[in-house]
Amino acid sequence: MKYHLITLGCQMNLSDSERVISVLDQAGYTWTDDEAEAGLIGILACSVRQKAIDKVYSRIHKWNKWKNRKNLVTFISGCILPDDYERFLKLFDIIFQMKDLPELPDLINSYGINTPVRLRHGIDPHNTNIGEFWSVKPSYQSEFEAFIPIQNGCDKFCTFCAVPYTRGREVSRPSAEILAELALLVSNGYKSITLLGQNVNSYGRDKKGNEISFPELLRQVGELGNRSGKEFWVYYTSPHPHDMTDEVIEVMAQYPVLAKQVHLPMQSGDNKVLIRMNRTHDIEKYRQIVQSVRRIIPEATLFTDIITGFTGETEEQFENTRRAMEEFKFNMAYTAIYSPRPGAVSHRWEDTVPLEEKKRRLHILTDELRKHNIEYNRGLVGKTFRALVRGADRKEGYLSALTEGKLIIRFPSDADDLTGKFVDVKITSASDFSLEGELVQINVLA
Amino acid sequence: MLRHLSDTAFVLQLERRGLPFHTGQFVVLRRPKTIVQRAYTVYSGEREQYLEVLVREISVGKVTPGLKKLNPGDVLEIDGPFGFFRFNPVFFPSQKFLFIASGTGISPYHSFIQTYPNMDYRLIHGVKYGKEAYEHHHYDPSRITLCTSADKTGRYHGRVTDYLKDYEISGETQCFLCGNNEMILQAYDLLVQKGVPVHNIHSEVHYQ
């Protein structure tokens, strides 16, 4: 039987989809790019914003109409809020939490027959037996970039966020497994590897002394890199400022494989908004982290996440966020307008900022980012950077690459065999969100 | 076990079963085989053998009416503890504390004081009516000020934030704010204006 899988949302879902594909392939199902051809269609849902979950509803309505003329089994997993979970039970044939992935083939085979997993009511917040999910060997979708999940779940309960309710409690994956997967990827020539977790830098804390800490995990990753003799970059996302320490940054400085790129969600630059969001830190704490990054790894790029128009955000409070952007000079900001999430605490509060105003604030922040980036990027002209080629650029006759700091560089070349290889590129021109350059050197090692 | 404090407020006492927590943290409760859950600060102290939470019934709510009907032997699912609304007891005995609460936001302070009965604190509790002075007999009467906005049964008639305007405080005091959004944000501003450094102000919004 042919299957098709749609993955919505973040890198965690992308990473999870690699395991879903692996399980289905091993069970004998055959991938198809065309959902109309498939007898089995799955979707990994995203609940971070209403728009994301609306996509799921529109698709399942379409697929359920197809059932009038063909046999079709549908399944859903990923990040699903409790209210949607109840509705999806009626709309999808199979719904399961990702930790129960190893049971998916049985669920499909026995579709229509109640199994313990089907009968388990609601979402298990404790991620019981998630180890079985992690032990599924993923079907990596790239030959040079990979994700390694190291932690699942969230205990922070930010008031705007659905993740504690969709992904459950923080659970850390055994470090031995993480390092083994990393070693395998490195030996297979992977060049860019991202350690994933909803609270990646609280890694180990749930094990209460029975697991290494996040800085120690990074240290061991760095040592593995030194021993390997290979060139590769290791990233991590998403960290929470609450758990960020100078030790993490100092370890990053010590090892070449630990990529000098920090993605640190700020969400707001105003203390009172941060209080309402329950972010558990103030902007001064965030500032101290940024100062540590600038001091210890000054070459690092800084990325962030920001929400505009959170409930109750005044013009003055928004201005504090804009000023924070001006101060911290992010290289990239993933900015989103606030979307109340059912189940998240803030859903019970009035959504006070009108949509048009949220959009206006979003545009202001985008302009602020653009302003800084153009100045920063122009300062790079004439310099040479190591970059990992990702494939053909949208601009014809060009390849697209990422620097260690995840800045986008395009350069003229038709050499598709450079994809997945490190090259040196000299920057010749810059725009607000990308750089253009010329190839200086090709890495002869594969 | 339920201990009714008023028509709408009650303390729910649960078996603790060794659940470790730091005073100030919260737990998430839900009835078995249901999806809707709510977070409650632990009301009891760290050394108690039981776990208590202070609940105010919302008549149209999805959870609290059910909690009010619980009988001994009924089962609840507990998740947690969570939260960072804590303080460092290393500062004892020299540290002074100011606890500001509205409504059931008094919960963490009840736990603080049960856990550390010798701490040097002042507690300002804002409610609408005097009957919402939840178990004030558990506190040193010289250390607690009840602010009632809708009747005159409290020591101060008015809101917590009105009382705070004329309150003298040293910048070294560790200030804790717990309650509704509006009170927390107004109190925060007042404390900052009075010279309390931001890092000495700790807050937790109580979800209404």
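Predicted model: local features only at pLDDT ≥ 70, side-chain atom pairs only at ≥ 80, totals over all residues.
Strand β9 of chain B, which covers residues 144-148, pairs with β10(B) in the parallel sense, and two bridges join them. Within this pairing, B:Thr148 has B:His157 of β10(B) as its bridge partner. Both strands belong to an open sheet of six strands with parallel pairing, whose order in chain B is β10-β9-β8-β7-β11-β12. At the edges of this sheet stand β10 (156-157) and β12 (201-205) of chain B, each of which pairs on one side only.

The largest nonpolar core has 154 residues, and the members that touch the most others in it are A:Ala45, A:Val234, B:Ile100 and B:Ala187. The element that gives the most to this core is α4(B), with seven residues.

Helix α4 of chain B runs over residues 181-193 and contains B:Leu191. Is B:Leu191 buried or exposed? A residue counts as buried if 20 or more other C-beta atoms lie within 10 Å of its own, and because B:Leu191 has 24 C-beta neighbours inside 10 Å, B:Leu191 counts as buried. In sequence B:Leu191 stands 20 residues from B:Gly171, while in space their C-alpha atoms are 8.8 Å apart.

The table sets out the contacts of two residues of chain B, leaving aside neighbours up to four places away in sequence in each case.

| Residue | Residues in contact |
|---|---|
| B:Leu191 | B:Cys175, B:Val196, B:Ile201 |
| B:Ala187 | B:Ile100, B:Val160, B:Thr161, B:Leu164, B:Leu177 |

One of the partners of B:Ala187 is B:Ile100, and both B:Ala187 and B:Ile100 are named among the residues that touch the most other members of the largest core.

**Where the two chains meet**

How many residues does each chain bring to the contact between chain A and chain B? Chain A takes part with 22 residues, and chain B with 16 residues. On the side of chain A that touches chain B, α3 (82-91) and α11 (271-277) of chain A each supply at least two residues, and α11(A) gives the most, with four residues. By kind, the residues on this side of chain A divide into six nonpolar, eight polar and eight charged.

Methods: Residues numbered from 1 in each chain as written. Chains lettered and ligands numbered in written order. Buried ≥ 20, exposed ≤ 12 C-beta atoms within 10 Å, placed from the backbone. Contact = placed C-beta atoms within 7 Å. Nonpolar A, V, L, I, M, F, W, Y, C, P; charged D, E, K, R; others polar. Core = buried A, V, L, I, M, F, W, Y, C linked by C-beta atoms within 7 Å. Pairing = 2+ DSSP bridges.
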